[in-house]
Each structure stands twice: as C-alpha cells, then as structure tokens.
Amino acid sequence: MGHVGRMAASSGLAAVLTGWLLAACAPDSIRSVEATGFNGYMQKLGQVCQPMLIGDADVGEWIRRNEMGNDNYTYFFDLTSKLYYNRLTPDGYRQAVVGFFGPGSSNDRAFDCIFRNLPADRPSAPVGTY
C-alpha cells in the first residue's frame, strides 16, 4: 500500500473512531429514537412541574420548548435521562444538577416534582440500544 493509500485508510479509521466516541457521549435519549418512555416523562415534566426553576434557570421553559441547542438544557436533559434509566440516584442527580445550576429557593419544589413523576417501573436503558 502506498503513502496515499495509508493516509486514506488512516483518515477513514479516524472518522469511524470519532463517530463511536461521539455516540458514546450522547445521552441515551438522543441516541435512541425508541426512548418513548423517557420522552413522555420529559413532556410530562414540562406540563405538570411549571414553573420549574433550578438555580436561576427556567428549566420548565426549556423542556416546553425542547431547547436542544441550549448547552445548559442538554446537560439537564442528559442528567435527567440518567436518573430516568436508573444510572443516577435521586441524591446523585440533585447534587449534579445543583452543582451545575446552583442553589435556589425553588429547587426543592422542582426536585420534588421530578422525583414524584418518575415511573416506578422505568427501564435501565432505552429499548433496542444495548
């Protein structure tokens, strides 16, 4: 194989590895279009937990608008998917969210609503992803 062939093979391998790494970092709910349970849970939070204020962030409004272009919402969305899929405990979730968004007088109300609406029979992963 010549120099050009090795470079093309190397570039192709790098592209595949980059794709795998990006997929591994994406929240489960984004990787799986079959995450209907989680997506329904997020929609419910946007309806029944208004206003949902954590720190100085109006998370309820982000949910309502599905603001996936907002990095802060993407972080909240990812953490909430980990809570939903039993990868974070409620205490670990609260600590991570407050650590990122900060304390606030409405935090307890928001977390109470988030935890109260978690389905008791939630799965450990989206259907068809693992």
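Helix axes here are lines fitted to C-alpha atoms over the stretch in contact, and their angles run from 0 to 180 degrees between N-to-C directions. Keep that in mind for the first stop. The model on screen is predicted.

**Stop one: helices α6 and α7**

Select residues 90-101, helix α6, and residues 107-116, helix α7. Their axes come within 12 Å and cross at roughly 140°. Angles over 145 degrees would count as roughly antiparallel. The two helices are therefore oblique to each other. The crossing of α6 and α7 is right-handed.

Now show the side chains. From α6, the contact takes in Pro90, Tyr93, Arg94, Val97 and Val98. From α7 come Asn107, Asp108, Phe111, Asp112, Ile114 and Phe115. Colour the contact by class: seven residues are nonpolar, one is polar and three are charged.

**Stop two: the buried residues of α7**

Stay on α7. Its buried residues are Asn107, Ala110, Phe111, Cys113, Ile114 and Phe115. What do they pack against? Their partners are α3, β1 (53-54), α5 and α6.

**Stop three: aromatic pairs**

How many aromatic pairs does the structure hold? There are 15. Visit two of them.

Select Phe38 and Tyr84. The pair is edge-to-face, with 5.5 Å centre to centre and 65° between the planes. It links distant parts of the chain: Phe38 sits in helix α3 (residues 36-48) and Tyr84 in helix α5 (residues 71-84), 46 residues apart. Phe38 has 0% relative accessibility, so it counts as buried. Tyr84, at 5%, counts as buried too.

Next, select Tyr73 and Phe77. This pair is tilted, with 5.5 Å centre to centre and 55° between the planes. Both residues belong to helix α5 and are four residues apart, so about one helical turn separates them. Are they buried or exposed? Tyr73 is buried, and so is Phe77.

**Stop four: backbone exceptions**

Most residues other than glycine have a negative phi, and most peptide bonds are trans.

Go to Gln50 and Pro51. A cis peptide bond joins them, with omega about -15°. Pro51 lies in the loop between α3 and β1.

Move on to Asn66, in the loop between α4 (59-65) and α5. Its phi is positive, near 50°. Asn66 has a relative accessible area of 47%, so it is partly exposed.

Finish at Asn86, in the loop between α5 and α6. Phi of Asn86 is also positive, near 60°. With a relative accessible area of 44%, Asn86 is partly exposed.

Conventions: Residues are numbered from 1 along each chain as its sequence is written. This is a predicted model: local features need pLDDT of at least 70, side-chain atom pairs count only at pLDDT 80 or more; totals for chains, interfaces and linings use all residues. Side-chain values use heavy atoms; hydrogens and water are left out. Angles under 35 degrees count as roughly parallel, over 145 as roughly antiparallel, 65 to 115 as roughly perpendicular and the rest as oblique. A crossing is left-handed if the near helix is turned anticlockwise from the far one by less than a right angle, and right-handed if clockwise. Contact means heavy atoms within 4.5 Å. Ala, Val, Leu, Ile, Met, Phe, Trp, Tyr, Cys and Pro count as nonpolar, Asp, Glu, Lys and Arg as charged, and the others, Gly among them, as polar. Rings of Phe, Tyr and Trp (its six-membered ring) pair if their centres lie within 6.5 Å; planes under 30 degrees apart count as stacked, over 60 as edge-to-face and the rest as tilted. Buried means under 20% relative accessible area, exposed over 50%, partly exposed in between (1.4 Å probe, protein chains only).
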